[in-house]
Each structure stands twice: as structure tokens, then as C-alpha cells.
Amino acid sequence: MFDDFFSLDGRAFLPFGTSHVVMIIIYGVGLVLLIIFSTLKKRSFYPKTYNLIRWFLFFWLVTSEVSYQAWTIATGIWSLSEHIPLHLCGIASITVALALLLQNKLLGYLSFYIGFIPPLLALITPELPYDYSHFRYWKFFVHHIVISWASLFVILTSSSTLTYLSVLRSFGILLIYAAFIGFFVNPVINANYLFLRETPLANTPLDYFGTGVLYYVNLCLVALIVFSVQWAAIHFLKKRQEFAKPLRRIG
């Protein structure tokens, strides 16, 4: 059983099967609980619970990535072009782990913009070879769920409010990063990080972005629109919350 859990063989993943739907439900329930928790900042149990959640999320972010790298190396499938955490979810996993560890505001809002929606989309349209209860199944869903939860957590629990400048800064950083990956990393190691060369094998919204230059234009426009919607949603939520400390503007 242990060997089957880590082997390269396993039952093929079935999109929207029971094992898929259960994970989506868990994600949704956790999201609601995090939003509720963020409204309880004046309660006496909040500081201790905050730290418990913070370290819980940090632990699973690190454990998921380290265990995945160890598994790919142990099974002999690790490659420079596929297994470096350079996709958006991989980078978001790193930035939000650092945001939780350092409690850094810049890393916090950057993680929120790049790390909340992409993992959610990945959960809905997984590019996953194995179903329950293979290691890859657990790694994929636990990691992506925690990335999205953590990216929301660092913003909802912050005593600061976001300005729209945080959207523009995060978008600018993303463009610089995408240019570096697209013009240097992908060509040099023959990779497809950020799906800049082609769309994922799974059916995803990227399939509707067109081809060639239109594909890249649509990627940029959608990213900016999604960032703006996220900013508006958080602005709306925080306007209706009572904070224990006065708000400071960031961004």
C-alpha cells in the first residue's frame, strides 16, 4: 500500500468525480471560515488562533513543495523544464510562505493577487495524472487549497487596507517576471512555465485566449481585470469589518 501511494502507477484522475468534488467543497468551507475568522479580531482568542492558522498554512506550504520535489527525485522523473516551482502557483506558494513567515506587507498583497485565483482555477480544472489516494492527488489538492487560503488569509487578517496602487505594482511585477520566464527561462531549458508557449493539457479558460500575440494580450488584460476585481472585493469586505487597530494605507 505504501509503495502504491508513491509509485508512478495509479488510477487516472476523473474530473468532477467524488474525489474531486469533495476537495472543492473542503476548499469552499475553509474559505468561508477564513472570512468569518477575519471579522473576529476583537475577540480574546484571536491572537492565539491567528498564529495557529498562520503556522498551519506555512507548514503545509513548505511540506507540500518539499515532499513533491523529493518524490520527483526519488522516482527519477525530476527535470529542469517541468519541476521547478516557476508556474504562478509555485511562485505564489513561495511568496505567501515568506509573507506568513516575515509578515511582510508587499509580499502579502503580491501573494493575494497572484495566489488566490490561479490555485482556485487549478482546483476546478486540475492537470493531474492520479486520482485518490495517490501521493500526487493529495499533494496537488492540499498544496493548491492552502496556497489560495493563505493568499486570502494574509490580506484579510492584515490591519492595513489596500490602495489600487497595489494592483498596479503587483501587475507590473508579474509582467516583469513573465517576460523573464518567457524570453529567457523557457527558451533556454525548453520549458513551458506560466504556459507561455502553449496551454495546459487539461481544459482551462486559457483555451479561449486565442493564439499568438492575441494570447499574450488576453493574458495581460485578464490578469489586470482579475487583480482589479480582487482589490474591489477586499475593499468591499474590509469596509464592513471592525478592526482592532486603525487602518494604515499600503501600496
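# Helix packing and loop details in a predicted model

Phe195 is found in the loop between α8 and α9, where helices (H or I, at least four residues) and strands (E, at least two) are DSSP runs, numbered from the N terminus. This is a predicted model, in which local features need pLDDT of at least 70 and side-chain atom pairs count only at pLDDT 80 or more, while totals for chains, interfaces and linings use all residues. Residues are numbered from 1 along each chain as its sequence is written, and side-chain values use heavy atoms, with hydrogens and water left out.

Phi of Phe195 is near 55 degrees, a positive value in a residue other than glycine. Phe195 is partly exposed, with a relative accessible area of 22%; on this scale buried means under 20% relative accessible area, exposed over 50%, and partly exposed in between (1.4 Å probe, protein chains only). Asn190 lies in the loop between α8 (164-189) and α9 (212-239), and Asn190 likewise has a positive phi, of about 55 degrees, although it is not a glycine. At 57% relative accessibility, Asn190 counts as exposed. Most residues other than glycine have a negative phi, and most peptide bonds are trans. The peptide bond from Tyr132 to Ser133 is cis, with omega near 5 degrees, and Ser133 is found in the loop between α6 and α7.

Two packed helices are described by the angle between their axes and the distance between the axes. Here axes are lines fitted to C-alpha atoms, for helices over the stretch in contact, and angles run from 0 to 180 degrees between N-to-C directions. For helix α6 (residues 117-124) and helix α7 (residues 135-156), the axes come within 8 Å and cross at roughly 150 degrees. That makes α6 roughly antiparallel to α7, given that angles under 35 degrees count as roughly parallel, over 145 as roughly antiparallel, 65 to 115 as roughly perpendicular and the rest as oblique. The crossing in which α6 passes α7 is left-handed; a crossing has this hand if the near helix is turned anticlockwise from the far one by less than a right angle, and is right-handed if clockwise. On the α6 side, Pro119, Ala122 and Leu123 meet Phe140, Phe141, His144, Ile145, Ile147 and Ser148 of α7, contact meaning heavy atoms within 4.5 Å. The residues of this contact of α6 with α7 divide into 7 nonpolar, 2 polar and no charged, where Ala, Val, Leu, Ile, Met, Phe, Trp, Tyr, Cys and Pro count as nonpolar, Asp, Glu, Lys and Arg as charged, and the others, Gly among them, as polar.

Helix α7 also packs with helix α2 (residues 18-37), at an angle of about 20 degrees and with the axes 10 Å apart. The two helices α2 and α7 are therefore roughly parallel to each other, and α2 passes α7 in a right-handed crossing. Residues of α2 including Met23, Ile26, Leu31 and Leu34 meet residues of α7, among them Phe141, Ile145, Ser148 and Trp149. The contact of α2 with α7 is made up of 15 nonpolar, 4 polar and no charged residues.

Another packed pair is α3 and α4, whose axes come within 10 Å and cross at roughly 145 degrees, with a left-handed crossing. From α3, Arg54, Trp55, Leu57, Phe58 and Leu61 meet Ser93, Val96, Ala97, Leu100 and Leu101 in α4, and the residues of this contact divide into 8 nonpolar, 1 polar and 1 charged.

The loop between α3 (46-74) and α4 (88-102) holds Ile84, which is partly exposed, with a relative accessible area of 25%. Leaving aside its neighbours within four places in sequence, Ile84 is in contact with Trp78, Ser79 and Tyr193. Asn104, in turn, is found in the loop between α4 and α5 (105-115), and at 34% relative accessibility Asn104 counts as partly exposed. Asn104 and Val154 are 50 residues apart in sequence and 9.3 Å apart in space, C-alpha to C-alpha.

Finally, the structure holds 0 disulfides, a disulfide being a pair of cysteine sulfur atoms within 2.5 Å. The sulfur of Cys89 is 18 Å from the closest cysteine sulfur, in Cys220, too far for a bond. Cys89 is buried, with a relative accessible area of 14%, whereas Cys220 is partly exposed, with a relative accessible area of 32%.
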